[in-house]
Amino acid sequence: MNVPFLSFTPQHAPIREEILAAIADVYDRQWYVLGDQVRTFEAAYAEFNHVQHCIGVANGLDALHLALEVLNVGPGDEVLVPSNTYIATWLAISFVGATPVPVEPNPHTYNLDPAQIEAAITSRTKGIMPVHLYGQACEMGPIMAVAKAHGLWVVEDNAQSQGATWQGGVTGSFGNVNGTSYYPGKNLGALGDAGAVTTNDEELAARIRTLRNYGSQKKYYNEVIGHNSRLDELQAAVLSVKLPKLMAWTRQRQQVARLYDQRLAGLGDLVLPAVAEGATHVYHLYVVRSAQRDALQQHLTEVGIGTLIHYPVPPHLQQAYAHMGIAAGSYPIAEELAATSLSLPMWPGMTEEHVAAVVAAVESFY
C-alpha cells in the first residue's frame with residue numbers, strides 16, 4: 001500500500017458541500033475583505049483559544065511580525081528563539097530589525113528548554129518566542145516564570161499546535177500576544193495562506209487591527225504606517241466550517257500517534273516522540289529520529305511511503321543568516337535534530353491499514 005505523507009481527502013470529502021456553500025455565500029454577499037465572515041471566525045477562534053481577541057491576518061509570518069511590531073521591538077533588541085524552528089520564527093524578528101538569539105531545545109521534546117533560557121538573557125533581551133513545535137505544547141509555566149522574573153514579554157508561535165495544552169491552558173493563550181497559521185497543511189488549514197494573532201490585551205489587539213489594514217481605522221485615514229495583511233472573507237468562511245471539527249480531527253491524529261508508538265517501539269535505532277509531563281501533543285507532525293535517516297527516507301520512498309524532513313537546515317546555518325557568523329557546531333542539539341529527524345505520514349483519516357503499511361516499511365528497512 002502506498003501511503004502519502006499528507007492527504008486532505010478524508011477531511012475534505014465529507015465537508016465538500018458545506019465548504020462550497022460557505023464560499024458561495026461569500027460570493028453572493030459581494031463583500032470580500034474584512035466583513036462578517038472574518039468577524040464571525042475571529043470570535044469563534046478567540047473562544048476556542050480561550051482568549052479575548054483574535055485578529056485575522058494574511059499568514060502566520062505576518063501574525064508574528066505584527067505581534068513584535070506592537071510590542072515595539074526594533075533595532076538593538078534581542079529576542080530569544082528556539083535554535084530548531086522553521087525559519088519564519090526568525091524572519092519575524094529580523095523584519096522588525098531585532099536580533100534572534102538561539103536557545104537550544106530539550107533534546108527529548110524538541111521544544112524550547114526552559115533551563116537554557118536564563119543563560120541567554122542580556123541587557124538587550126526584550127522577549128521570548130517559544131514555538132510549540134510539531135504539535136506539542138511548550139512547558140509554558142517555567143517559560144512564563146522566567147519572563148516575569150526578567151520583565152520580558154512572550155510571543156507564542158502556535159502555528160503547529162492549535163488545541164494543544166500545557167497544564168490545561170491552551171497554547172496561544174499564555175503570551176502577551178501570539179501568532180498562529182492556517183496554512184493548508186496545518187491542523188486547522190485554510191485553502192490558501194491565512195493566519196491570526198491572539199491576545200488578551202485589548203490595546204494590543206486594537207493596534208494590530210489598525211496595523212493589518214494600512215494603519216487605518218477609518219477608510220482613507222491613516223494614523224500609522226501599516227501593512228496590508230488581512231484574512232480574507234473566503235478563507236474565514238472555510239475556517240469557520242472547519243473549526244468545529246478540529247478537535248475530532250485532533251483525536252484522530254492522536255490515535256494514529258498511539259498506533260505508531262505501540263508498533264514502532266524498540267525498532268532499530270528509532271527514537272520516537274516524547275511528550276513532556278503536563279503537555280499535550282496534537283501531532284501536526286509525527287517525527288522520529290535515526291542516525292540512518294537519509295537511508296531510511298530513501299527506502300520508504302522506494303516502497304511508496306511519503307515522508308518529509310522538518311527541518312533539514314537549522315536557521316543559524318541558513319544562508320539568510322550567514323551574516324550572523326554562527327559557526328557549525330555552535331548549536332549541536334539543533335544540528336543533530338536537523339540531521340536525524342524524519343516526519344512520517346500523519347493526517348486525520350489515516351486507517352490502521354495505513355499505519356500498518358508504514359510500520360511494515362520501516363521494519364523492512366531495519
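Helix α12 (residues 332-340) has A334, E335, L337, A338 and T340 as buried residues, where buried means under 20% relative accessible area, exposed means over 50% and partly exposed lies in between, with a 1.4 Å probe and protein chains only as cover. The cover over the buried residues of α12 includes β12 (286-289), α11 (293-302) and β13 (341-344), with contact meaning heavy atoms within 4.5 Å. Helices (H or I, at least four residues) and strands (E, at least two) are DSSP runs, numbered from the N terminus.

This is a predicted model, in which local features need pLDDT of at least 70 and side-chain atom pairs count only at pLDDT 80 or more, while totals for chains, interfaces and linings use all residues. Residues are numbered from 1 along each chain as its sequence is written, and side-chain values use heavy atoms, with hydrogens and water left out.

**The sheet and its helices**

- Three strands form an open sheet in the order β1-β9-β8, with antiparallel pairing, and two strands count as paired if DSSP finds at least two bridges between them.
- β1 (53-57) and β8 (178-181) are the edge strands, each with a single partner strand, so one side of each has no neighbour in the sheet.
- From one strand to the next, the twist averages 25°, an angle on a scale from 0 to 180 degrees between N-to-C directions, with axes as lines fitted to C-alpha atoms, for helices over the stretch in contact.
- β8 and strand β9 (residues 195-199) run antiparallel and are joined by four bridges, and S181 has G195 in β9 as its bridge partner.
- Helix α3 packs on the sheet, where it touches β1, β8 and β9, and its direction makes about 130° with that of β1.
- Helix α8 (residues 202-211) lies across β1 and β9 and runs at about 15° to β1.

**V146 in helix α7**

- V146 lies in helix α7 (residues 140-150), and it counts as buried because its relative accessibility is 11%.
- Leaving aside residues up to four places away in sequence, V146 touches I117, E118 and I121.
- From C-alpha to C-alpha, V146 and G56 are 29 Å apart in space, and they are 90 residues apart in sequence.

- V33 is found in the loop between α2 (16-29) and α3 (36-48), and it counts as partly exposed because its relative accessibility is 38%.
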